Amino acid sequence: MTELWERVERLIGAENLGRLSEKKVAVVGLGSGGGFVALGLAMSGVGAFVLVDSDVLEAGNVTRHVCDLRDVGRNKAKAVADLIMNRNPEALVETRDGAIEDHWDCLDDVDILVAAVDGEQVKFSINEQCLERRLSASYAGVYERGEGGDHVIIRPYDGPCYACWSEATRDGVKVAMSPGGELDYGMIGETGTLEAEPGLWVNVTKVAGIQTDLIINELLRGADAHEEMPANTLIVTNTYMDIFEGQENDPHSGVWIDIGRDADCLVCGERLKQGVSLLVEGDEGSISLADLAASGLTTDIEFEDEDG
């Protein structure tokens, strides 16, 4: 045990610290939230990262970012990579300068993805790629003026996909099929974002800190340090806020809620049905029986054993 990791090891144990050192996390979007999450994971012992962002740090970002004036004009992913190496010099950090749509290959060997982008449309694209790779992803949002936020970890075919989840939690989101057979996502606002006015960085980092902690817990799934959460979605408040209509929640409180998978979801539902068809045909690369069981999809298909 090195002096650098002494306190972390005392907290979670050498075996769990070793587990984290072998994990690789993709962080897409290294803004105020994503930069904080990436650095927090590195300071908790996560050993490898791929950081993806097309933006450069501007002077106006500095009061809401882990990087500072020395990094103005630099790509955010590269700036955060340097911070990680200064805190965890043994970490392996790969950076991609550009939009995630041009770098899907970087997700092929990661353990979890952190979707820290503002645009909802990009999150829907990430969702489809994660379903294809059966890659778990962490999504967090900060509400208008930093009054609160939410977090969910999406596990493909084990609960909702991001499209299911956002239809249940985001006003204005509706997934439909265009006449050409393409998925069409109803967007929140004209720009396709949450239309959130910025809050203070402490409001953002409160949500990002919870997100970081829950990602670490997910990376330790199967270990003695892992804890099962009460539900799949956490909503937290920074001020008085109605989480449920007519029920005002106190500042600095939280509510866990379970969002279920929509069996008729045009994203994960159709993919699952296609996978079942391939499974019946004997395609070994299709949806697994474990995925099918976890999905809750009802089907009349009966699987026979070799003797049947």
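**Figure 1. Ring pairs link Phe124, Tyr139, Tyr162 and Trp165 into a cluster.** The model shown here and in the following views is predicted. Across the whole structure, a search finds 4 aromatic pairs. One of them joins Phe124 and Tyr162, whose rings are tilted, with 5.6 Å from centre to centre and 55 degrees between the planes. Because Phe124 belongs to helix H5 (residues 120-133) and Tyr162 to helix H6 (residues 162-169), the pair ties together parts that are 38 residues apart in sequence. Phe124 and Tyr162 are both buried.

**Figure 2. Helices H5 and H6 pack at an angle of about 145 degrees.** The axes of H5 and H6 are 9 Å apart. On the H5 side, the contact involves Glu120, Lys123, Phe124 and Asn127, which meet Tyr162, Ala163 and Ser166 of H6. By residue class, the contact of H5 with H6 comprises 3 nonpolar, 2 polar and 2 charged residues.

**Figure 3. Eight strands form an open sheet with mixed pairing.** The order of the strands is E3-E2-E1-E4-E5-E6-E9-E12. Strand E3 (92-97) and strand E12 (254-257) are the edge strands, each pairing on one side only. On average, neighbouring strands of the sheet are turned by 15 degrees against each other, direction ignored.

**Figure 4. Strands E2 and E3 run parallel and are joined by 6 bridges.** Strand E2 covers residues 48-53. Within this pairing, Val50 has Glu94 in E3 as its bridge partner. Helix H4 (residues 76-87) packs on the sheet and touches both E2 and E3. The direction of H4 makes about 155 degrees with that of E2.

Note on methods
Residues numbered from 1 in each chain as written. Predicted model: local features only at pLDDT ≥ 70, side-chain atom pairs only at ≥ 80, totals over all residues. Heavy atoms only, no water. Phe/Tyr/Trp six-rings, centres within 6.5 Å; stacked < 30°, edge-to-face > 60°. Helix = DSSP H or I, 4+ residues; strand = E, 2+ residues; numbered from the N terminus. Buried < 20%, exposed > 50% of the residue type's maximum accessible area, 1.4 Å probe, protein only. Axes fitted to C-alpha atoms, helices over the stretch in contact; angles between N-to-C directions. Contact = heavy atoms within 4.5 Å. Nonpolar A, V, L, I, M, F, W, Y, C, P; charged D, E, K, R; others polar. Pairing = 2+ DSSP bridges.
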